[in-house]
Structures are given as structure tokens and as C-alpha cells.
Amino acid sequence: MAEFLIYNKDHWSKSVKLTEEQVEKFKGCYKNGDVVEVREDGYWDKRGFNKEAFRVVKKVGLEVADAIHYIEPLEKITVSEVGEEDKVETLERRKYQITNVVTAESKIASVEDLTIITKTELSVSSIEAER
Amino acid sequence: MAEVLWYVDPDATGAGDGTSWTDAYTSLSSFEAAEQTDLVTATDNYVVNCRSSSGTADTAIVLIKGWTTDPTYDLKIIGDQDTGIWSTSKYRLSCASGYRCIDVDEATDISFIKLQVEVTGGDHSDSIILSDQSGSNVYIDKCIIRDPDDDAHCISIFNGFCEITNCVLIGSGAFRGVNNGTSAIVNIYNCTIYNTARGIYMRNASSTSENCAVFNNTDDFNILAGTVNYCASDDGDGTNAVTITQSASDYAALVTDAANGDFSVTDASSELYNAGTNTGAPSDDIIGTSRPQATTSDIGAFEFIVSAGGEVIQINIGDSFKDYVGMQINIGDVWKTVASVKQNIGDAWKIVF
């Protein structure tokens with residue numbers, strides 16, 4: 001069983017007036033529901049976590065090895081000329097959002113199914129347009 | 001302005017909100033996610049103290065993104081390594097999946113101090129990568145960064161400014177120690193880089209490498225642009241170069257135990273001893289020994305301390321040394337007797353009283 005540490009608040013930049021430059025800078029920051037860490041079963045039973053920032057959910061029957069990709073960022077890779085490194089732009093800190101994290105702050109919820117949204121470059125553009 | 005202290009300990013079992021060692025965050029990643037803020041508006045400095053009270057590694061990848069900082073109000077991540085030798089009883093970021101351990105992904109003024117960082121999996125990855133931090137300053141001091149599985153560059157910097165001091169970078173025969181992109185200015189002082197494909201790969205004309213010991217690499221310095229000064233290497237690269245004459249099987253005369261990651265200067269006979277320049281050298285070494293101990297800084301991350309009762313000077317004295325044992329030399333109105341003469345380094349005889 002894998003355990004997910006899930007970002008469960010709004011990024012600080014959403015509560016202040018931002019310049020256009022700052023909007024651009026912070027558009028890829030953590031969003032409510034982003035998977036911050038994936039841990040093995042029981043990890044958070046033995047440890048505390050910041051309950052103002054996170055929630056923890058357990059997914060029954062899911063191994064960490066099969067879930068670790070949920071912490072991947074959404075990136076845009078531009079292939080560079082020979083001899084140069086490819087340009088990697090992080091569009092979103094996390095590619096995946098878990099949206100069914102309705103749980104009391106002090107409890108670790110065990111769920112049968114996760115509702116997961118996979119972000120794409122297209123969906124990020126939509127988020128930008130909404131701002 | 002306030003200095004705000006935070007705590008990270010993978011073995012902590014308290015509340016996990018980072019406000020004390022008892023209630024420490026259990027990963028640097030969770031601290032970074034939970035505490036992102038505008039340090040400039042708050043006029044705060046965040047100092048993040050990291051330890052592993054029972055030796056558990058921090059295995060979560062850290063992506064730095066979402067802060068507002070400047071050179072005055074910045075972020076300092078401080079580990080607890082204090083020997084200059086990799087230790088599993090000290091805090092260490094050891095990332096077994098993904099392709100980086102620490103990624104500074106946007107302009108953030110941040111320092112990494114006394115950390116141990118390694119990537120143990122992945123393919124063509126980086127232990128520390130500064131992928132998009134143009135316009136900010138990153139400092140890496142007194143860190144041990146290694147690639148035990150031939151998978152990663154130790155440090156890659158693609159833009160902005162980065163200063164790397166007193167670090168030990170250890171590869172496994174492949175990849176790069178410092179990978180300097182064309183848009184990044186990187187100054188590297190008093191680092192030791194060992195067993196990579198390219199020890200320092202430098203591609204910016206404003207970048208500098210000084211007082212660095214870079215050896216047992218396929219190519220110690222691969223310099224397309226930039227300056228190498230007072231560095232020691234097998235290849236004798238740069239200006240004021242020190243060419244390391246020991247072979248891979250005999251680095252014991254240079255450093256204490258290279259094969260096991262102890263790069264402290266062996267003794268006053270080492271070719272690294274008293275061979276650097278004081279210009280630009282950090283005021284202390286990877287374990288806090290002040291520089292210089294003799295007249296000029298040693299090359300590499302460690303500064304050698306001459307044992308009590310001994311005193312070592314550099315003096316040009318001629319072509320033959322055997323006759324000088326027993327000779328009296330006046331130093332600061334004190335006559336001293338030459339006890340032995342060490343080897344010739346850069347035309348400077350080292351004499352022990």
C-alpha cells in the first residue's frame with residue numbers, strides 16, 4: 001500500500017497581488033492536490049506531518065514502485081544543438097493531482113480509488129488563461 | 001529582519017511542522033513545499049538545519065520553486081557533515097529514483113552548506129542541478145556530492161551565478177564533477193574532484209576554477225571557456241598549475257585515502273600542501289580549519305594542519321637539499337635547525353624544523 005503526502009492549501013502567491021512577471025514565475029507552483037511525496041505503507045503512521053499544509057491518503061493495493069511517478073513534474077523539453085544540454089522547462093511542479101482528498105486533518109484516509117488528474121501542457125495553458 | 005530556524009530530521013517522530021528537532025520535518029522536500037513564502041516582503045532569512053538522528057537518509061527529491069528571495073533575504077540549507085568524509089550517520093540526501101536530487105528551478109538566492117548528496121539511480125542525471133535560476137545567487141559550501149552508480153553529474157549549472165567552495169565531488173568514472181553551461185557563471189574554489197569522466201567542464205568565459213585538486217578523472221579539466229588557476233591535476237591544466245606526479249595507485253602521498261573518500265592532505269610532503277593562492281581562497285576548509293595554515297592555502301577542500309612541535313616554511317634554497325639538514329635558519333629572530341627536507345614543489349623546497 002502506498003501513502004501519498006498531498007499538498008492541501010493554496011500557494012502563498014494566490015493571496016497577494018502579483019505583477020505579470022510574478023504570475024509567470026509562480027504559475028508552475030504547487031497546486032492543491034499535487035502529490036508531494038510517495039511513501040511505503042506505514043511511513044506516516046510513525047511520523048508527523050504538517051497538517052496545515054498536507055493531507056495523507058493511503059491507496060489500497062498500490063505499490064510504491066507503481067506510484068512513484070506521481071511526483072514527476074510536468075516538463076517541456078526543447079532539444080538543443082549538438083554539444084549543448086537540452087532545455088528543460090518545468091511547467092508544473094507536479095504532473096498529477098489527486099482530487100478526492102476530503103479528510104479530517106488529523107486522520108490518514110485509506111481509499112480504494114484515487115481520482116487523479118493528469119496535467120498536460122494544454123491544461124496548463126488553460127489555467128494561465130483563467131488567471 | 002528575522003532569522004527563522006527550521007529543522008529537518010528523517011528520524012523525527014514529532015508533529016512534523018519543522019519548528020524544533022523534536023517536531024522536525026522528515027524530509028527537506030516537505031519543508032520546501034510547506035514553507036514557501038516571500039522572504040523579501042517578510043524581511044526574513046530562513047535557516048534550515050538538517051540531521052539524521054538515527055542515520056536514516058532523506059530520499060525525497062527536492063525541487064526549489066515558488067519562493068521570493070534576494071541576496072539579503074535568502075534561504076540556507078545546512079547539513080551536519082563535519083569530517084569531509086561521506087558518513088551514513090549524518091544527514092544525506094540519497095535519491096534512488098528520478099533524475100536529480102536537488103533542483104533549483106527558478107531564481108532563488110540559496111546556500112547549501114555541509115550537505116551530503118547523491119543520486120543512486122536514474123540515467124544521465126544530476127545530484128544538484130541549477131536548471132533555471134538566472135538572476136540569483138547560489139552558494140554550495142562544504143558539501144560532499146557523489147555519484148556512486150555512474151548515473152549522474154555531481155553539479156550542473158545552466159544559468160545564473162553559482163559559487164562552489166570547499167566541496168568534495170566523487171564520481172564513478174563517468175559523467176562530470178562540475179558541469180558548467182554556457183549561460184552560467186561558476187566560480188569554484190578549493191574543491192576536490194575525483195574519478196569522473198570530466199572533472200570540471202567549463203563553458204563560460206567568466207567562470208573560474210582556483211585552488212582545486214582534480215585528479216583520477218578521464219579528463220581533469222575540459223575548458224571550452226573560463227579560467228583555471230593554481231589548480232592541481234594529473235594533466236597539469238591551467239596557469240600556475242601543479243602537476244600531480246603520483247599515479248592512481250599511489251595517491252596516498254597526495255591525500256589520506258582517496259579510494260575510501262578521505263581527501264585530507266596526507267602531510268606537508270603532499271603536492272597539494274601550501275601550493276595554492278590566498279587570493280579568492282575561502283577563509284576555512286571543509287571541516288572548518290582556517291586558511292592558510294602555512295603561507296599560502298593548500299589546494300583542494302582540506303587545509304593541512306602541521307602537527308604540534310613542527311613548523312614548515314617554504315624557501316628557495318638551491319638545487320640540492322641533503323646538505324641543509326642541520327643547518328641553522330633565522331626566522332623572526334629565532335634560530336631554527338633544519339631537521340629534514342621534503343620534496344621540491346614548484347621550485348620551492350619544503351623544509352621541516
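Me: How many bridges join β2(B) to strand β4 (residues 75-78) of chain B, and do the two run parallel or antiparallel?

Reply: The general idea first. Strands of a sheet pair through backbone hydrogen bonds, either parallel or antiparallel. Two strands count as paired if DSSP finds at least two bridges between them. Strands themselves are DSSP runs of E, at least two residues long; helices are runs of H or I, at least four residues long; both are numbered from the N terminus. Here β2(B) and β4(B) run parallel, joined by 4 bridges.

Me: What am I looking at, and how are residues and chains labelled?

Reply: This is a predicted model: local features need pLDDT of at least 70, side-chain atom pairs count only at pLDDT 80 or more, and totals for chains, interfaces and linings use all residues. Residues are numbered from 1 along each chain as its sequence is written, while chains are lettered from A and ligands numbered from 1 in the order in which they are written.

Me: What is the mean pLDDT of chain B?

Reply: pLDDT is the predictor's confidence in each residue, from 0 to 100. The mean for chain B is 88, and 85% of its residues reach 70 or more. For the complex, the predictor gives an ipTM of 0.86 and a pTM of 0.86.

Me: Which strand of chain B is joined to β2(B) by 7 bridges?

Reply: Strand β1 (residues 2-8) of chain B is. It runs parallel to β2(B), which spans residues 44-50.

Me: What is the strand order in the open sheet of 8 strands in chain B?

Reply: Read it as β5-β8-β11-β13-β15-β17-β19-β20, with parallel pairing. The edges are β5 (93-95) and β20 (242-243) of chain B; each has a single partner strand, so one side of each is left without a neighbour in the sheet. Within this order, β15 (residues 192-194) and β17 (residues 213-215) of chain B pair in the parallel sense over 3 bridges. Y194(B) stands opposite F215(B) in β17(B).

Me: How many helices and strands are there in chain A?

Reply: Chain A has 2 helices and 8 strands. Along the sequence, the pattern is β-α-β-β-β-β-β-β-β-α. Chain B has 2 helices and 27 strands.

Me: Is strand β1 (residues 2-7) of chain A enclosed or open?

Reply: Start with the cut-offs. A residue is buried if 20 or more other C-beta atoms lie within 10 Å of its own, exposed if 12 or fewer, and partly exposed in between; the C-beta atoms are placed from the backbone. In β1(A), 6 of the 6 residues are buried, so the strand is largely enclosed by the rest of the structure. Both faces are covered. A2(A), F4(A) and I6(A) are buried on one side; E3(A), L5(A) and Y7(A) are buried on the other.

Me: Which strands are joined to β1(A) by bridges?

Reply: One is β3(A), residues 54-59, joined by 6 bridges and antiparallel. There, R55(A) is the partner of I6(A). Another is β2(A), residues 35-40, joined by 5 bridges and also antiparallel. There, E37(A) is the partner of L5(A).

Me: How much of each chain counts as buried?

Reply: In chain A, 31% of the 131 residues are buried. In chain B, 52% of the 353 residues are.

Me: Which residues is H153(B) in contact with, leaving aside its neighbours within four places in sequence?

Reply: Contact means that two C-beta atoms, placed from the backbone, lie within 7 Å. H153(B) touches D126(B), F175(B), R176(B) and N179(B) in this sense. H153(B) and N179(B) are 26 residues apart in sequence, yet 6.9 Å apart in space, C-alpha to C-alpha. H153(B) lies in strand β12 (residues 152-165) of chain B. The residue is buried, with 29 other C-beta atoms within 10 Å.

Me: How many residues does each chain bring to the contact?

Reply: Chain B brings 27 residues and chain A brings 25. On the chain B side, helix α1 (residues 28-35) gives the most, with 4 residues. By class, that side has 8 nonpolar, 13 polar and 6 charged residues. Nonpolar covers Ala, Val, Leu, Ile, Met, Phe, Trp, Tyr, Cys and Pro; charged covers Asp, Glu, Lys and Arg; the others, Gly among them, are polar. Helix α1(B) is mostly covered, with 8 of its 8 residues buried. Among them are F31(B) and E32(B).
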